Amino acid sequence: MEALISLLIGVLTAGGVYLCLRSHTFPVVLGLTLLSYAVNLFLFMMGRLVIGKPPIISESATGYADPVPQALVLTAIVISFAMTAFIIVLALKARTEMGNDHVDGKGVN
Amino acid sequence: MNHIVIAPLLLPLFTGIFLLLLREQRIYVKRLIAGASGIALITIAFKLLCQVSDGTILVYALSDWSAPYGITLVADRLAAWMVMTTSLLSIFALIYAMHGTDREGRHFHIMFQLQLFGLNGAFLTGDLFNLFVFFEVLLLASYSLLLHGGGRKRIRSGLHFVVINVVGSSLFLFAVGTLYGVLGTLNMADLAIKVAATPPENLVLVHSAGMLLFAVFALKAALLPFYLWLPSAYSQTSAPSAALFAIMTKVGAYSILRIYTLIFGDHAGPLANLLEGWLLPMALLTIIIGTFGLLGSKRLRQQVSYLVVISAGTLLTGFSLDSAAGIAAGLYYLPHTTFATAAMFLLADLISKRRGLMEDRLDAGYVITQQKFLGAVFFALAILASGLPPLSGFLGKFMLLQAALDHPAIVFIMGIVLLNGLLTVIGLARSGSLMFYEAHAVDKSTNTYYSQVSPEPLNVRELLPVFSLLGLCLAMTIGAGSLTEFTAKTAAQLLDTSAYIEAVLSKGAP
């Protein structure tokens, strides 16, 4: 399970980095999204992989899942969602203003 | 509990929300509210500075959840000093914006307040994850301010700025996640204890997380390999935004100073002084590249952007000397360089508005209205920014070099800082003479060009911020004695991490 999750995070990050380096805004936006997926998963896993355990104190519990990463990842998801929404709007705006979706806006000095 | 610690956060947040409700109101109402809030912020920042100036560390536990479990805000001398600088800078950027910039879009004042919320939060937080959250708040507000007014070039440089900062935020989260996964805490005071006691098998992980954090902060502070976003973003945005952004690179410098004295400082056991050997060369190389950029600039605003890069390098040179004197000199230099570059951005806009199609291009244009007066102001600001005597820039650099005397790399530090001073003078003198001395007289009968130039008289809302920022630097020169005493005490407090740790963690004891 650990190996699978870390492989997943690695693949998402690699894909994200590759797409971020592309020259058009659409792949770049996708790349940033993949990166944020990877980092959210990573953050979530930092409380270790625990299955079927409560995150709050209960008398019958035999072990606990760490609640802090769950709170952190919730914050991170909200923030990355807002950032993605912003950057999509910005990319569309750049497309209309510059007439193409190249990140440097070909033909604009 | 002392609620003044959270006041610099709540005031701009509530003002921002309130302004959002007043969206449909006339601009005068919004200006009045934003201005009043700005003045109130200065009052609060001053009170906070007074309360911490005797060395107390004020700790504010939100909802009374004690550290390290709850979220804490910590106000020590350094944090109060940064909040004070921000509040002073912001009011003058705001006054300048009231001369028309805030009409170019509907949400300027709202974003401005949220930016202040993020800045003050980043300075006051005592928790690494909240540092990330406040970074995001200030960045999202800065994206809007950067793009305020629109236009092709602004959108293009804004796109680069946004993408690079979103990537930076991902790196920040990776670092934070690694630290939490290994050490199980994100409270800075608690981290300081836990890092020192890292088990040997996890040293590599904590080390890489520490360096990853450095990369993120270096990106915000515009250090050498990460500075490329700055010149185009700052030179394309509107003048008040650029002036306010003068403090944004200092957020990165502040974070480097805080994290690498508190968490990875002298007391961090095997990870002590993590940045030794990294920070100084990077800072010096940043100064060199910034100087080249300054000399090669084709536009005045681009040139001022490189001044920001140089100031980040100089500041971090001071912080990297690893001595109380170096940090103290850097902390004295910080408000000076912030005010000076902000005033330069505002003046560049003043000049560029009067040159019509020439804008801020560094070429001989036509004589502009009030040429002599603007030229004199430019001359004064150039002296200030390049660190010539008798103004505060000289004092800051002098103290910095004095602190570096015992450093093994003194030859490089002395050589680069002094040469940079000389070349900055040459670069700014060239711009000044191109714009003011070599300007041609206008033949109005044959020239259609002149109709493009606004002969608008100088307005008090334009001049007041520039002169006030200049005045602040003058006051820093006159009050240098007591200010350096304060920064020396700040540096001492910063290096004595046990007081900080004790203040934060004992606060939590039930």
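**Reading burial, salt bridges and the core**

Tutor: Glu24(B) counts as exposed, at 63% relative accessibility. Exposed means over 50% relative accessible area, buried under 20%, and partly exposed in between (1.4 Å probe, protein chains only). This is a predicted model: local features need pLDDT of at least 70, side-chain atom pairs count only at pLDDT 80 or more, and totals for chains, interfaces and linings use all residues. Residues are numbered from 1 along each chain as its sequence is written, chains are lettered from A and ligands numbered from 1 in the order written, and side-chain values use heavy atoms, without hydrogens or water.

Student: Which side chain meets Glu24(B) in a salt bridge?

Tutor: A salt bridge puts a side-chain nitrogen of Lys or Arg within 4 Å of a carboxyl oxygen of Asp or Glu. Here the partner of Glu24(B) is Arg106(B), at 3.1 Å, N to O. They sit 82 residues apart. Arg106(B) is partly exposed, at 49%.

Student: How many salt bridges are there over all chains?

Tutor: The search finds 10. One of them joins Glu462(B) and Lys353(B) at 3.0 Å. Glu462(B) is buried, at 0%, while Lys353(B) is partly exposed, at 31%. Shared partners join Asp349(B), Lys353(B), Arg354(B) and Glu462(B) into one network.

Student: Which residues have the most contacts inside the largest nonpolar core?

Tutor: A nonpolar core is a set of buried Ala, Val, Leu, Ile, Met, Phe, Trp, Tyr and Cys residues joined through side-chain atoms within 4.5 Å. The largest has 218 residues, with Leu128(B) and Tyr260(B) having the most contacts inside it.

Student: How many disulfides does the search find?

Tutor: A disulfide is a pair of cysteine sulfur atoms within 2.5 Å. The whole structure has 0.

Key: Helix = DSSP H or I, 4+ residues; strand = E, 2+ residues; numbered from the N terminus.
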